[in-house]
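Walk through this structure with me, strand by strand, and then on to the ligand. Keep the 3D view open as you read.

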Amino acid sequence: MSTQVSALDVIDWAAIKPFWVEAFGADDDESPPGPGRHVWRVDSGDEVVALGVDREFETWLGEHRVPTAGIAGITVPAEHRGGGYLRPLFETLLGASRERGALLSGLYPTSTGIYRSLGYAPVAHLDDVAVPTHLLEVRGDAAPVRRASPEDLPEIAAAYTAWARQHRGPLTRDGVSFPDPAKAFTDDTTGVTLAESSPGQVTGYAAWDRGKGYGADAVLTVRELVALDRPSLVGLLRALGSFASVTPTTVIRTSTPDDWTGLLRSDDSRVQSRSTYMVKVLDVAALTALSPAPGLAAELPFTWQGQGYVASVADGQVDVSETTSTTTSRELDDTAIVQNLFSASDSRTLRRLGHLTGSDTDDAAWDALTAGPRPAIANYY
Ligand SMILES: CC(C)(COP(=O)(O)OP(=O)(O)OC[C@H]1O[C@@H](n2cnc3c(N)ncnc32)[C@H](O)[C@@H]1OP(=O)(O)O)[C@@H](O)C(=O)NCCC(=O)NCCS
């Protein structure tokens, strides 16, 4: 039976939405196609056999913004699972995202095994970490804190961006997919506490939801905690810790490894729920977003997906060109190229796990090239 992959329009939406309700058990998991949101369907004969959404995002890779296809809502109706419809769906969907310039694709899988053979590899975790609230009353110099008002939103956004640019993986929170940057702080949030290391300069924030009650089961939920320096982190943790008498537990949404558990008197925190963030490299040009140390100069041949390339590193920049040379024997699989790019693994580990094979002559140079900002993620989508 012929299989056809096509973009969904808003008119199809009402008929298609029940598939998502069925897959994810909620009626608000997906939205209709619209700016920055491309919905794709696969039909076999006269039946819908797969659905998926591609969202227009950008990823911070240190100082560089990299266009990214954010995948969500992947669904195959129960009767068609195991039919092999994901591959044609991804080929068409990612082909279209590549045409608009996406070099990466990211997603949160319900199961990592679904996307491994499609070239995605884990780079970071977004965890909800439960901690006894009293442990947040940490010692040390603390920046002054105050409650944010709507006028502070631009400064809060700037603090997020400053944090995001110190990592690889966080989304830029601007552009077509973020029409309302305030949303993250107004939905399900009681308050946003700001830290100001210097007067008038927002150097950290905690967006929190007080929750209900004040008994043994009461929980304070921190939707986002960002601190650009240690005094800001101490100030924010103490403000949260001051809830100890009414909310014995605090759950902090955090990208692991986090900055804050190392400051606690004892590490009695535990991951309550974990979302793994996976990324796929769509185009080898993504490597040009690396920012090597200015003193690093090297010509690094490698093979990926059967094609030979040379990464030319000089003056703090990377260029990648194709080569037909057969002397290239350093071979990266899809996991190796992603985890190299995100500094999520090193050559030795990738070799041990079989993701990197062939010549090891350039391993030290590759590790120097990819060293730098660590992976992190803050948005769930
Ligand atoms: C997940 C889902 C889309 C997979 O559809 P499917 O038709 O079974 O997928 P395919 O048969 O094409 O399998 C694709 C790959 O995923 C793997 N896979 C499928 N379900 C899996 C699971 N639950 N856990 C781990 N791997 C899984 C298959 O083994 C296959 O891997 P391979 O290519 O290495 O052999 C489908 O089961 C579904 O709609 N589930 C409910 C909604 C959901 O979880 N969506 C994913 C959101 S991220």
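Strand β3 (residues 47–61) and strand β8 run antiparallel, joined by two bridges. This is a predicted model. To find the pairing in the viewer, look for Thr59, which stands opposite Leu171 in β8.

β8 has another partner. Strand β19 (residues 374–375) pairs with β8 in the parallel sense, again over two bridges. Here His167 has Arg374 of β19 as its bridge partner.

Is β8 buried or exposed? Strand β8 spans residues 167–171, and five of its five residues are buried. The strand is therefore largely enclosed by the rest of the structure. Buried here means under 20% relative accessible area, with protein chains only counted.

Strand β14 (residues 298–304) runs antiparallel to strand β15 (residues 307–314), and seven bridges join them. Leu300 has Ala311 of β15 as its bridge partner. The two strands form a hairpin with two residues between them. In that turn, Gln305 has a positive phi of about 55 degrees.

β15 also pairs with strand β16 (residues 317–323). That pairing is antiparallel, and seven bridges hold the count. Ala311 turns up again: it stands opposite Val320 in β16.

Turn next to the ligand. Which residues come nearest to it? Of the 17 residues around the ligand, these are Ile74, Val76, Gly82, Thr110 and Ser117. A polar backbone atom of Val76 is 2.8 Å from an oxygen atom of the ligand. For Gly82, a polar backbone atom is 2.9 Å from a ligand oxygen atom. A nitrogen atom of the ligand is 3.5 Å from a polar backbone atom of Ile114.

How much of the ligand does the protein cover? On its own, the ligand has 900 Å² of accessible area, and the protein covers 64% of that.

The shell around the ligand draws two or more residues from each of α1 (10–24), β4 (64–75) and α3 (113–116). α3 gives the largest share, three residues. By class, nine residues of the shell are nonpolar, seven are polar and one is charged.

Terms used. Residues are numbered from 1 along each chain as its sequence is written. This is a predicted model: local features need pLDDT of at least 70, side-chain atom pairs count only at pLDDT 80 or more; totals for chains, interfaces and linings use all residues. Side-chain values use heavy atoms; hydrogens and water are left out. A residue is near a molecule or strand if one of its heavy atoms lies within 4 Å of it. A polar contact is a pair of N or O atoms within 3.5 Å; within protein, one must be able to donate a hydrogen and the other to accept it, and residues adjacent in sequence count only if both atoms are side-chain atoms. Accessible areas come from the Shrake-Rupley method with a 1.4 Å probe; for residues, only the protein chains shown count as cover. Helices (H or I, at least four residues) and strands (E, at least two) are DSSP runs, numbered from the N terminus. Ala, Val, Leu, Ile, Met, Phe, Trp, Tyr, Cys and Pro count as nonpolar, Asp, Glu, Lys and Arg as charged, and the others, Gly among them, as polar. Buried means under 20% relative accessible area, exposed over 50%, partly exposed in between (1.4 Å probe, protein chains only). Two strands pair if DSSP finds at least two bridges between them.
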